[in-house]
Amino acid sequence: MQFRDRRQAGRKLADELRTRQEQGALPDPLVLALPRGGVTVAAEVARVLHAPLDVLVVRKIGAPFQEELGVGAITGDDEALFDDDVLGRLGLSRSRLAPVVERERTELRRREELYREGRPAPDLRERTVIVVDDGLATGVTARAALRSVWRRAPRRVVLAVPVGAPEAVLLLRAEADDVICLYQPAHFMAVGLWYEDFQQLTDADVLDALHTAAQR
């Protein structure tokens with residue numbers, strides 16, 4: 001299976017979630033996208049579920065020699081979350097990654113300020129929060145996002161992605177009430193391989209999606 005683009009993947013994911021909504025499994029939903037890539041997917045989910053859309057900014061902490069390899073993640077002012085098994089295999093320490101964490105936290109704050117446009121973070125208390133991204137590789141950013149959501153007292157937390165590495169999906173089942181992943185290829189490699197069009201999104205794309213959702 002290969003998705004045409006994030007929008008098509010979002011529609012397919014939304015169909016699965018709508019079925020669960022009709023069964024009563026997603027009361028009072030609120031969709032949180034992990035920007036930037038998850039926003040286009042999440043916008044389709046929010047539209048179909050008639051749910052509000054917002055963002056939860058998470059920054060991946062990449063290995064110094066391979067930035068795309070996530071070894072940790074941060075959200076808000078929370079302490080950085082690391083995958084200690086990966087750190088051990090790569091011979092990395094938390095102290096060595098401190099400059100990377102500081103750099104990513106600066107970018108996280110920039111994006112939060114830009115995307116929020118003065119709005120407060122949404123109140124998640126007693127809501128069904130659906131966290132959406134465009135895919136799961138190591139799952140470390142999603143894990144950080146889910147733990148941040150749980151600290152805000154939601155009623156129920158669901159992680160929804162079009163595609164993910166089977167081992168990441170398995171690990172994240174312990175972090176959410178439900179994990180919905182449409183496709184779990186055995187030889188995963190990278191999220192972008194499972195999309196025909198996987199062009200990088202911009203801050204303008206994120207803002208446009210949020211503005212469009214707010215006008216519904």
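How many nonpolar, polar and charged residues are in the lining of the second largest pocket? I looked it up by class and got five nonpolar, three polar and nine charged residues. My classes count Ala, Val, Leu, Ile, Met, Phe, Trp, Tyr, Cys and Pro as nonpolar, Asp, Glu, Lys and Arg as charged, and the others, Gly among them, as polar.

**Ground rules.** I am reading a predicted model, where local features need pLDDT of at least 70 and side-chain atom pairs count only at pLDDT 80 or more, while totals for chains, interfaces and linings use all residues. Residues are numbered from 1 along each chain as its sequence is written, and side-chain values use heavy atoms, with hydrogens and water left out.

**Second largest pocket.** I noted about 380 Å³ of space here. There are 17 lining residues, and R7, T40, A43, D205 and A209 are the closest to the centre. Two or more lining residues come from each of α1 (6–22), α2 (38–49) and α7 (203–214). For the record, a pocket is an open set of points on a 1 Å grid over the protein atoms alone, where a 1.4 Å probe fits, with protein on both sides within 12 Å along at least five of seven lines; lining residues have an atom within 4 Å of a point. Grid points are joined across faces, edges and corners, and the volume is the space filled by probe spheres set on them.

**Largest pocket.** This one has a volume of about 1,300 Å³. Of its 45 lining residues, K60, E68, G70, A137 and T141 sit closest to the centre. I counted the classes here too: 18 nonpolar, eleven polar and 16 charged. β4 gives the most to the lining, with five residues. β3 and α5 (140–150) are among the elements that supply at least two residues each.

**Antiparallel sheet.** I then followed β4 into its sheet, an open one of three antiparallel strands in the order β3-β4-β5. Helices (H or I, at least four residues) and strands (E, at least two) are DSSP runs numbered from the N terminus, and two strands pair if DSSP finds at least two bridges between them. β3 (58–63) and β4 (66–75) share six bridges; V58 is partnered with T75, and A63 stands opposite Q66. A hairpin of two residues links β3 to β4. The next hairpin, from β4 to β5, has five residues between the strands, and G76 in its turn shows a positive phi of about 50 degrees. β4 and β5 (81–82) pair over two bridges, one of them putting A73 with L81.

**Parallel sheet.** The other open sheet I checked has five strands with parallel pairing, in the order β2-β1-β6-β7-β8. Its edge strands are β2 (53–55) and β8 (178–183). α1 packs on this sheet, touching β1 (29–33), β6, β7 and β8, at about 135 degrees to β8. α2 touches β1, β2, β6 and β7, and its direction makes about 165 degrees with that of β1. Contact here means heavy atoms within 4.5 Å; axes are lines fitted to C-alpha atoms, for helices over the stretch in contact, with angles from 0 to 180 degrees between N-to-C directions.

**Record check.** An unreviewed UniProt entry carries the annotation "domain: Phosphoribosyltransferase" over residues 27–181. UniProt positions are in the numbering used here, feature names are shortened, and annotations may be inferred rather than shown by experiment. Over that span I noted 36% helix and 28% strand, with the end C-alpha atoms 20 Å apart.
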